[in-house]
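Here is a short tour of the structure, meant to be read with the viewer open. Have the sequence to hand as well, and follow the residues as they come up.

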Amino acid sequence: MKCLLNLKLWLVPLVILLYETDVINFWFINCGPCIIEMPYLNDLVNEYQNEEVQFLALSFDTAPDIKSFLQKTEFIYEHGSISRSLMYDFTPVSPGHFIVDKDGIIRDIIIGAPRNTEIIFDKLVNLIEKNKK
């Protein structure tokens, strides 16, 4: 069973993180495109606040470094710190977005940031809606 270290420094099995739909974002604190898209990702969380969709941001940065970053930058996903090797098992490029269904199957992936960052919201909404069916 793979685990991640969340910001409360507890080990959380990834299998308990499965909602109807999970949106997993891979990022790190020095990733410019990751930071630029955060306001749009926050809008996404607000859009789905009353639905069975979980938003999880995973970074290879340390939990204290992520906490410090989040004191200065709003990013309202749930956050976890994972090893760099585990992150690179999923994607060596950040940001990366994975849409995962309730059975733990990765249904869609977006790797990298679009040139027009604001379109990330619509792209993710389309993928979430497609996979909710």
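Let's begin at Trp27, which sits in strand β3. The model is a predicted one, and in it Trp27 counts as buried because its relative accessibility is 0%, below the 20% limit for that class.

**The chain as a whole**
- The chain holds 4 helices and 7 strands, and its elements follow the order β-β-β-α-β-α-β-α-β-β-α from the N terminus.
- Of the 133 residues in the chain, 47% are buried.
- Taking contacts between residues at least 6 apart in sequence, 65% link residues at least 24 apart.

- Which residues surround Trp27, once neighbours within four places in sequence are left aside? Trp27 is in contact with Cys34, Met38, Ala57, Leu58, Ser59, Phe60, Ile66, Phe69, Phe75, His79, Met87 and Ser94.
- Beyond residues up to four places away in sequence, Asn25 touches Glu37, Leu41, Leu56, Ala57, Leu58, Phe75, Tyr77, Pro95, Gly96 and His97.

- In soluble globular proteins, nonpolar side chains tend to be buried together.
- The largest nonpolar core here has 24 residues, and Trp27, Leu44, Phe55, Tyr77 and Ile128 have the most contacts inside it.
- At least two residues of this core come from each of β3, α1, β4, α2 (63-72) and α4.
- Phe55 is in contact with Val23, Leu44, Val45, Tyr48, Tyr77, Glu78 and Ile128, leaving aside neighbours within four places in sequence.
- Another core, of 10 residues, lies apart from the largest one, with Ile24, Leu56, Phe98 and Val100 among its members.

**Helix α4 and its surroundings**
- Helix α4 covers residues 119-132, 14 residues in total, and reaches 20 Å from first to last C-alpha, close to the 20 Å expected.
- Which residues of α4 are buried? They are Ile120, Leu124, Val125, Leu127, Ile128 and Asn131.
- An α-helix has 3.6 residues a turn, so residues three or four places apart point the same way.
- The cover over the buried residues of α4 includes β3 (21-27), α1 (32-47), β4 (53-59), β6 (96-101) and β7 (106-111).
- Lys130 is also in α4, but it counts as partly exposed because its relative accessibility is 47%, between the 20% and 50% limits.
- The C-alpha atoms of Lys130 and Asp108 are separated by 9.6 Å, with the two residues 22 apart along the chain.

**How α1 and α4 pack**
- Two packed helices are described by the angle between their axes and the distance between the axes.
- For α1 and α4, the axes come within 9 Å and cross at roughly 35°, and the crossing is right-handed.
- On the α1 side the contact is made by Glu37, Tyr40, Leu41, Asp43, Leu44 and Glu47, and on the α4 side by Ile120, Phe121, Leu124, Val125 and Ile128.
- What kinds of residues make up the contact of α1 with α4? They divide into 8 nonpolar, 3 charged and no polar residues.

Technical notes
Residues numbered from 1 in each chain as written. Predicted model: local features only at pLDDT ≥ 70, side-chain atom pairs only at ≥ 80, totals over all residues. Heavy atoms only, no water. Expected span 1.5 Å × (residues − 1). Buried < 20%, exposed > 50% of the residue type's maximum accessible area, 1.4 Å probe, protein only. Contact = heavy atoms within 4.5 Å. Axes fitted to C-alpha atoms, helices over the stretch in contact; angles between N-to-C directions. Left-handed = near helix turned anticlockwise from the far one by under 90°. Nonpolar A, V, L, I, M, F, W, Y, C, P; charged D, E, K, R; others polar. Core = buried A, V, L, I, M, F, W, Y, C linked by side-chain atoms within 4.5 Å.
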